[in-house]
4 protein chains.
Amino acid sequence: MSARFRLILSILLGLPLCAATRARDLGVPFDGTPGPLDAITDVAGIEVGHTTLISGEGKQAVRTGVTVVWPRGKQSTIPSFGGWFSLNGNGEMTGTTWLEEGGLLAGPVLITNTHSVGLVRDSYIKWQVAHAPKGAEPDEWSLPVVAETWDGFLNDVNGFHVQEADVVKALESARSGAVAEGNVGGGTGMVCYGFKGGIGTASRRAGDYTVGVLVQCNCGRRPQLMIAGVPVGREIPDSVPYSRDYRHSGEDYGSIIIVVATDAPLLPHQTKRLARRASMGLARTGSVSGNGSGDIFIAFSTANPQAGGSSGVVQVSMLANDEMNPIFEATVEAVEEAIVNAMVGAETMTGYNGHTVMALPHDRLRQALTKYNKAR
Amino acid sequence: MSARFRLILSILLGLPLCAATRARDLGVPFDGTPGPLDAITDVAGIEVGHTTLISGEGKQAVRTGVTVVWPRGKQSTIPSFGGWFSLNGNGEMTGTTWLEEGGLLAGPVLITNTHSVGLVRDSYIKWQVAHAPKGAEPDEWSLPVVAETWDGFLNDVNGFHVQEADVVKALESARSGAVAEGNVGGGTGMVCYGFKGGIGTASRRAGDYTVGVLVQCNCGRRPQLMIAGVPVGREIPDSVPYSRDYRHSGEDYGSIIIVVATDAPLLPHQTKRLARRASMGLARTGSVSGNGSGDIFIAFSTANPQAGGSSGVVQVSMLANDEMNPIFEATVEAVEEAIVNAMVGAETMTGYNGHTVMALPHDRLRQALTKYNKAR
Amino acid sequence: MSARFRLILSILLGLPLCAATRARDLGVPFDGTPGPLDAITDVAGIEVGHTTLISGEGKQAVRTGVTVVWPRGKQSTIPSFGGWFSLNGNGEMTGTTWLEEGGLLAGPVLITNTHSVGLVRDSYIKWQVAHAPKGAEPDEWSLPVVAETWDGFLNDVNGFHVQEADVVKALESARSGAVAEGNVGGGTGMVCYGFKGGIGTASRRAGDYTVGVLVQCNCGRRPQLMIAGVPVGREIPDSVPYSRDYRHSGEDYGSIIIVVATDAPLLPHQTKRLARRASMGLARTGSVSGNGSGDIFIAFSTANPQAGGSSGVVQVSMLANDEMNPIFEATVEAVEEAIVNAMVGAETMTGYNGHTVMALPHDRLRQALTKYNKAR
Amino acid sequence: MSARFRLILSILLGLPLCAATRARDLGVPFDGTPGPLDAITDVAGIEVGHTTLISGEGKQAVRTGVTVVWPRGKQSTIPSFGGWFSLNGNGEMTGTTWLEEGGLLAGPVLITNTHSVGLVRDSYIKWQVAHAPKGAEPDEWSLPVVAETWDGFLNDVNGFHVQEADVVKALESARSGAVAEGNVGGGTGMVCYGFKGGIGTASRRAGDYTVGVLVQCNCGRRPQLMIAGVPVGREIPDSVPYSRDYRHSGEDYGSIIIVVATDAPLLPHQTKRLARRASMGLARTGSVSGNGSGDIFIAFSTANPQAGGSSGVVQVSMLANDEMNPIFEATVEAVEEAIVNAMVGAETMTGYNGHTVMALPHDRLRQALTKYNKAR
């Protein structure tokens, strides 16, 4: 989508006029056809909410938050078929045991920092209890999906700053439309390939269907970074974040959570196929999924609203396996772009203990693309 | 089913008049309600075929064979949703990688001895190629499901006696109706809890649905054997098969293959739930799934004949997860009974190198049940 | 162990003189040889702590808590090789993604109610941060293992009554020696086979090694209950807990968390083999692992304290696979006994909304054993 | 390694003087440092054997074979710790159930065409039985690892042309040193990204360790092909193999088997981490792992020859998880290069029914690299 067309579309869709720059605005030559917003919200019904917490400096620096992806709109706990995959499980995603067993994702996917997973999990349950319809059966339990990446380089992660109200705000402020990227929500304090990272999103059309992806990107080492086949990390080797207090400085000590959504009618075992493909989009950006990285992926289908039927026999739709290749291609491409968007959309941040992480400089990205004849 | 009713039914269904004795004929108090045949063939469409190879003595003793379970009748390769589980994977079941990925079982489940898995696999493909309809697309490949247990105590397993024609015979002679048990088909030379084992089957009604099970039982140590809660193995401690040439004599060096079939409309991830429950039926007979045992289970649903659709969107039926408890109960109960049937239906056999394995003595089983107030 | 010997041992070990009754005190004929305490604490180094919260009545009834199992003693975060298995994943156990990936369990296993998992998780991290040694590297994250079962029949689970201080108390009060059973810790409000359940433990000797098990038992329907092969649930069919407000009353809506510990030197993939065997111990008590049940099992080895080495090459010990059968047998037997101990050790409780759950009556258990010639 | 150094090395190692061209000879800029042979045989002890079957034309065209990778040299069945991963399981790899359970690979990895898996499996067992040492215990069974990709576009795959003698020849002719690539062994009739594919290999140094990879590459669509970040498939869009008889012509109907070997001392769960990384090397070449593709990966460690110890406690070495990043990087890089080597090393082939598959033209690859400023 050209920047011009993007501008027009922004006006038509009521988006902010000076929309943040995105990777394809800089001429990165991605494959495939994105949806109108090039965001996970191109999958109808999906709503995204962010609570961004930025305050203080030094040892009191709070740079964290919560991001929520509602598969079927705010407050809908109508389950979706879903599945997950752990490429490198040095991280947490709660709720996956039932996801694997029952094939169902009920409620939102929440993403935060490593040490706030519990608070976010229980806060969602409290919110759910408080908002249950009158007469709802009291013997229901909840197994929310909450994932994390570690933001302790920029955030006072051991200060446990996320509060119940922050979770509620993210839940209730979720909306369709364009999705803020970079230093927002759960991604606020994240570092990606040694550049400032965070939340990124993208989408692809795949025949009649749409695949949307949202990432919370906190992984990779600088020299690994590839964008559209160009070794951008080696072209911009400077200003790698480092602190002598940190054993893992400069290593791949981060993580990436990838959420893949589609309106294609996939059964649970088919959503797992998408989750595994997220690995391949990640690989295109240069990662080898380091030992310290929690690279955990969830995929779900918004088709089949009746999937969670609790009695009798339910009729559901299934895309034939033989028709899945375009969905696979879309998934890999959208993951790749969402990761780059997370970096392009982020801004340089100074946080915990005075640590600074530089944003990916747009001009130098563009130069690197040009050097390798890849600028579009 | 009383022995009398069984007799009448045998006549009506054209079964052999002097039908082999089965566990419930001896008063073993199983739970649940079996189907008319108390066999996997109570699931409509399922056909079972056996090729039994018995010849020679001593080092030339052939005591082996092939058993075939066709989910949708002979020669139907219409896929079924299926899944599998390995409780202790010291064995082989080919074809499971696609079963896990695609959720589909196309064609039969074949069971033989450990060293004939390859021959049986390729022979099925040859048969399939030879019987393909005119004009069938030539770029199809086949990934058959072939499982095994090791019969080298009674059979010259290193003689590789199963031949292509034996596989074809099992494939083509398969039929619905009563299923021969004990020393037949792939189960011919098997040993179960130190008694002669082999093929066993059973079924259960679960609401509107039927669950059928077929086992090739070759596992367990004598002292472990429990039947309906009675320590039958300790009550009959004598004549445990032993050979000083065999390191594993008396140990749990066997395996068990369990096939669970149902007409309940289950999606692939739901069939995996059944496969896992097979462990619990096995546990009721006393096994702890020994290190040397290949305890591998497959489950499939004969509903949804359109499951394997290769284009577009397919409408399929799914039993709600909340309705699965009766299916789980049926699975556990049918597995338990099928294992006992494998022993009750087997006869004492002398085979390789003069080794003899005693059949479970019916009268002493009955005595043991009586001793513990369990005889029905 | 006879009751008399038990008494003497209690005196020698400084245990409470009037120790709670346990299943084998009632003559239940379990197989195998337990350790001195017949508890998970027979595995050297293991410490168990409980915080039990019992207060209020009616809608304010608090009947919940936290149980902690420290693999290597209080405050030790030296990792152990471990693995896990989900027989029916309708529940939560956090931390399993790294357990599967890295093969390591660092820190304790915590068990609580479904809606307090998050609080317990983050509280453990806070405790860990507060107790970190001076100069500890600040870039470490924590992925605690916290599991749950649902106690909403007796406890005001939606009141979120577990507090950070409760977690700390369980962590810090943990000790070796005898383990309280029944209505304690995370098991306070649990229901098992329609009887009052909760925490149970047992152990087995397996050659030179010990296997210890702790369960938080909240699963099963009354008619399913088997004890030592005796249909105890059918013999005592009365007083099944029921509430017309509860859709799942009388169904298998509970869960069971099983912790298997051993000092045998097992590698991570071998601990997973133990975790799978927990299914078989559960099966012996009659469960078929109902759809609503979170039957999730974790196993770890306290051998190899160097397992978590963070640099270079580490020398570790591995028990040969061929030697694992006694460990498997021990695991199955100890799980079976621990479940029965959970019921035998529990007392009748009235809780949330006036619901009452009856304890398993000892005399009637004894009668049932006698009826089936199983009383020891 | 420069071409000149390569020449000298060839002489020293007794390799053929006019060694086949390899990807880095053409200036493809791979990352990392290969071992002396840039082959899986750089891992000490590994031997590779090929049987290549090329005969006939038209419907009688035989273009197939068998490739063997011996982890510890010909005829050694000393087990190695190993693991596997299925990225897209539309294929077969036998023996993986025990690999997963026991963590052990005993004997070679064999690779052939889809319809010869059974023959190859049983032939290996026969060979093993025939070569067992005198007095070997007769109660051992074998669960060989045999994998496949489908060569029916060039080979009369339904003619089942691989024979037992072909397997024996591959087993017995295996050797260390340089490995033939392209149209050899199991790779003889394979197609990779619409170019002639087959066997490829590469290696990387990772600190004190070596990672070696061998692939049988038969996957991918032409437009997907990326080499070192350059869209080679789009630069060379012509001569995509096609046959109107074949439904899947032009689609990703192939597969890829990847074997990852290392001398780093990895435990079974750690080898699985390598197997998962193979996905990322594959992703770098442009694949999205199509629905029809059997993308199945196995990894093993040649350290710890005592891994398969059958009694007592075995001391084994383990590389700390925190040290694995270089091994991960090496794996991803070596997989990427091995795939490109498979194409660079292959030659145009005409086979079944007159189908022709063009080799990747070296000059045009070079041009494409130059166009994108990537030629080295």
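A salt bridge is taken here as a side-chain nitrogen of Lys or Arg within 4 Å of a carboxyl oxygen of Asp or Glu. In this predicted model, four such salt bridges are found across the interface of chain B and chain C. One salt bridge joins the side chains of Arg221(B) and Glu329(C), with an N to O distance of 3.4 Å. Polar contacts across the interface of chain B and chain C comprise 29 residue pairs, with both residues at pLDDT 80 or more.

On the side of chain B that touches chain C, the elements giving two or more residues are β3 (80-89), α6 (268-284) and α7 (325-344) of chain B. The largest contribution comes from α6(B), which gives eight residues. By residue class, this side of chain B holds 13 charged, 13 polar and 12 nonpolar residues.

In total, the contact involves 38 residues of chain B and 38 residues of chain C. About 3,000 Å² is buried between the two chains, and carbon and sulfur atoms account for 45% of this area. Of the area that chain B buries against chain C, 22% is supplied by Met280(B), Val288(B) and Asn291(B), more than by any other three residues.

Chain B is superposed on chain C by a rotation of 180 degrees with 0.0 Å of shift along the axis, at an RMSD of 0.0 Å. The two chains are therefore related by a two-fold axis. Within chain B, Gly229(B) has the C-alpha nearest the axis, at 1.8 Å from it. Both copies use the same surface, as 100% of the contact residues of chain B recur in chain C.

Terms used. Residues numbered from 1 in each chain as written. Chains lettered and ligands numbered in written order. Predicted model: local features only at pLDDT ≥ 70, side-chain atom pairs only at ≥ 80, totals over all residues. Heavy atoms only, no water. Contact = heavy atoms within 4.5 Å. Buried area = accessible area lost by both parts, 1.4 Å probe. Polar contact = N/O pair within 3.5 Å; in protein donor to acceptor, adjacent residues only side chain to side chain. Helix = DSSP H or I, 4+ residues; strand = E, 2+ residues; numbered from the N terminus. Nonpolar A, V, L, I, M, F, W, Y, C, P; charged D, E, K, R; others polar. Least-squares fit on C-alpha atoms with pLDDT ≥ 70 in both.
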